[in-house]
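Have a look at the sequence and the 3D structure below. Then read on for a short tour.

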Amino acid sequence: MNNPQCSYTVRCFFLALLVNLFLPNILPRQLASAQDVPSEASSDAPDLGVVWTPSTAPDSALAALDRIAATGATAVRLTHLPADTTATTIATRADSLGLRLYVDLPMADGSAPRPDEARPQADASLDQLRSLANRHASITHVGLARGASTTGSRRCDRLRRWTERIHDASASLHTYYVTPFVPSADRCADAVDQPLLDLRGHPRPTDRWRAWRTRTDSVGIGALGTWTRPAAASGLRVPHSAERQARYLETTLSRLLDPTRAAPPVVFVARWQDDDASLLPSRRYGLHDAAGTPRPAATVVRGLYSGTQRTFAFPDGSAPAGTSGLVLVGWGLVAVLGLLYARSLFVRETAVRYFTTPGFYREALRDGREVSFGANSLLLGLVGGSLGVAAARMARLATAQPETERVLAALPRVVGTALAPGVEHPTLAGVAVGGGALVLLLLWTGAGVAMARLGTRFTVAQGLMLVTWPCWPVLLAPPVALAAGPNAPLSPSLSTLVLLGGGTLVLLSVTLRVLFDYWRVTDAPAWTLLPLAALSPLALVGASLLVAAQYGVSFSLLWRLAVYT
């Protein structure tokens, strides 16, 4: 008879034997397979920092650096390298605080310099940076471009040669550039060690970073944040209030630093303190104002960077009342035009002649019998008003777009400074464009009258009619501009394209029609067409663009900044 306990012992023996024989071979394979599965969560903690413009005074710079480190930051991106004494002091303190320093070279926005034609200032800063990096472990990265057009292969080749040059001089230094472009447009990610994204004002910064990460794992965030308006009231319901800035950073940083998902290797919040050199004074990105007073966003960054606080409460405030002044002006122009058409027989008859029987229109213009100085003057005023309304609307839309600041920064300083007040004050833009157009059209009218009198009798009323009626397409600009907006039928970018494309056609149409009518209704010598053509809107706009190109305006870069960011 079998012993049950003996059978149980035998079975246990054989089971243990099987485990010892096969488990050592199976388990390593299973572990290796598990390690081969990509994990969405990052094993390394990201570097968290701020964008900082250091003070030239060493004591002020050290005090600010201590405050930055107290927030829990582990990295700082310097917008420039200060003088030798201050730079050495900052690097020494950063060593003791355990901070990593990313230093932007003084490259102008919108251009990556050629290594064989390197700018003396950039070369001097690079030599200084290499010397500091050899003595201070905190200096780890050097920035080669900020806001440059990294959408072309030639720029990438220049950045690649700069990277090789820096690696040859110092093995401890890594290179980066800051780009606002979408991953499909940017071509230079492999030209440096680490591309950083400029996500200031971006409505979905997390999505943009994740789209970039599918292309390169090293991509970080070089500038994150949104602006506040100094005059904005308090409350989450107020656009660009300090509380809205804080909520933006709370939401975005919480998503980027989610421990269950991959995080960027480095994140810089823009910026530590307001920059007085900004082209748009109404845009303030600082966690602190110019005087050093912290905004609510500073509390958010401190809590999330140090891990001491995850949720924050802010007052709702009251939503500002909507402004409809521009719409009322636009409807006012429509009402004046309608009344003019209804009450003026001259306008009704001339409109029929102009659009259906151009020959009769030119005959009336030549004879000077059926011309109305008052009606034509009012129509010319409507043309100027229409241009002013369209310009004010586009300036108001530009005020709310993050791309506007990058476009202004890519322009020569004198041009950007001249255009910035129009963006800050849309009414000023409307008055300048509308008033300027009226002045130029009146000068063109005067030139036409003066040239025509060389061969025949020609009155100011005839000249006014000659110039005003071909400008009728301008009256369509206000409806197109007013129909644009974030929640409107036309997006701001589409309306801009429509107005730019339509404006080019209108310039061509107006110029050709006025010159043709002038040639048919006057007996002036043929050479008088040349000065009249030289003073035409098409010629003046073309000359302005040529002068701008001569002064370094890159229209291709402006286009890419407006479309691909």
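Is the crossing in which α12 passes α16 left-handed or right-handed? It is left-handed. The axes of α12 and helix α16 (residues 460-468) come within 9 Å, and they cross at roughly 35°. On the α12 side, the contact is made by Phe373, Asn376, Ser377, Leu379 and Leu380. On the α16 side, Val460, Ala461, Leu464, Met465 and Thr468 take part. Sorted by type, the residues of this contact are seven nonpolar, three polar and no charged.

**The whole chain**

Keep in mind that this is a predicted model. The chain has 565 residues, and 45% of them count as buried. It has 21 helices and eight strands. Take the contacts in the chain with a separation of 6 or more: residues 24 or more positions apart account for 74% of them. The accessible surface comes to about 27800 Å². Carbon and sulfur atoms hold 61% of that surface.

**Helix α9 and its partners**

Now turn to helix α9, residues 325-343. It packs against helix α12 (residues 373-399) at an angle of about 160°. The two axes are 10 Å apart. Why is the pair called roughly antiparallel? Because angles over 145 degrees count as roughly antiparallel, α9 is roughly antiparallel to α12. The crossing of α9 and α12 is left-handed.

Which residues make this contact? From α9 come Leu326, Val329, Leu333, Val336, Leu337 and Leu340. From α12 come Ala375, Leu378, Leu379, Leu382, Gly385, Ser386, Val389, Ala392, Arg393 and Arg396. By type, the residues of the α9 and α12 contact divide into 12 nonpolar, two polar and two charged.

Helix α9 also meets helix α10 (residues 345-356). Their axes come within 5 Å and cross at roughly 90°. Angles of 65 to 115 degrees count as roughly perpendicular, so α9 is roughly perpendicular to α10. Leu340, Tyr341, Ala342 and Arg343 of α9 meet Leu345, Val347, Arg348 and Ala351 of α10. That contact has six nonpolar residues, no polar ones and two charged ones. Leu340 of α9 is named in the contact with α12 and also in the one with α10.

| Helix pair | Axes | Angle | Residue types in the contact |
|---|---|---|---|
| α9 and α12 | 10 Å apart | about 160° | 12 nonpolar, two polar, two charged |
| α9 and α10 | within 5 Å | roughly 90° | six nonpolar, no polar, two charged |
| α12 and α16 | within 9 Å | roughly 35° | seven nonpolar, three polar, no charged |

Next, zoom in on single residues. Phenylalanine 268 sits in strand β8. Is phenylalanine 268 buried or exposed? Its relative accessible area is 0%, so it is buried. Leaving aside neighbours within four places in sequence, phenylalanine 268 is in contact with residues including Gly49, Val50, Val51, Tyr102, Leu196, Ile221 and Leu224. The C-alpha atoms of phenylalanine 268 and aspartate 198 are separated by 9.5 Å. Along the chain, these two are 70 residues apart.

Threonine 163 lies in helix α5, residues 153-169. With a relative accessible area of 6%, threonine 163 falls under the 20% cut-off, so it is buried. Not counting residues up to four places away in sequence, threonine 163 touches Leu144, Thr175, Ala191, Val192 and Asp193.

Arginine 130 belongs to helix α4, residues 120-135. It too is buried, with a relative accessible area of 18%. Apart from neighbours within four places in sequence, arginine 130 is in contact with Ala169, Ser170 and Leu173.

**Two spots in the backbone**

Last, look at two loops. Histidine 240 lies in the loop between β7 (220-225) and α7 (242-256). Its phi is positive, about 60°, although histidine 240 is not a glycine. Arginine 271 is in the loop between β8 (266-269) and α8 (296-306). What form does the peptide bond from alanine 270 to arginine 271 take? That bond is cis, with omega near 0°.

Technical notes
Residues numbered from 1 in each chain as written. Predicted model: local features only at pLDDT ≥ 70, side-chain atom pairs only at ≥ 80, totals over all residues. Heavy atoms only, no water. Axes fitted to C-alpha atoms, helices over the stretch in contact; angles between N-to-C directions. Helix = DSSP H or I, 4+ residues; strand = E, 2+ residues; numbered from the N terminus. Parallel < 35°, antiparallel > 145°, perpendicular 65-115°, else oblique. Left-handed = near helix turned anticlockwise from the far one by under 90°. Contact = heavy atoms within 4.5 Å. Nonpolar A, V, L, I, M, F, W, Y, C, P; charged D, E, K, R; others polar. Buried < 20%, exposed > 50% of the residue type's maximum accessible area, 1.4 Å probe, protein only. Areas by Shrake-Rupley, 256 points an atom, 1.4 Å probe, with all protein chains shown as cover.
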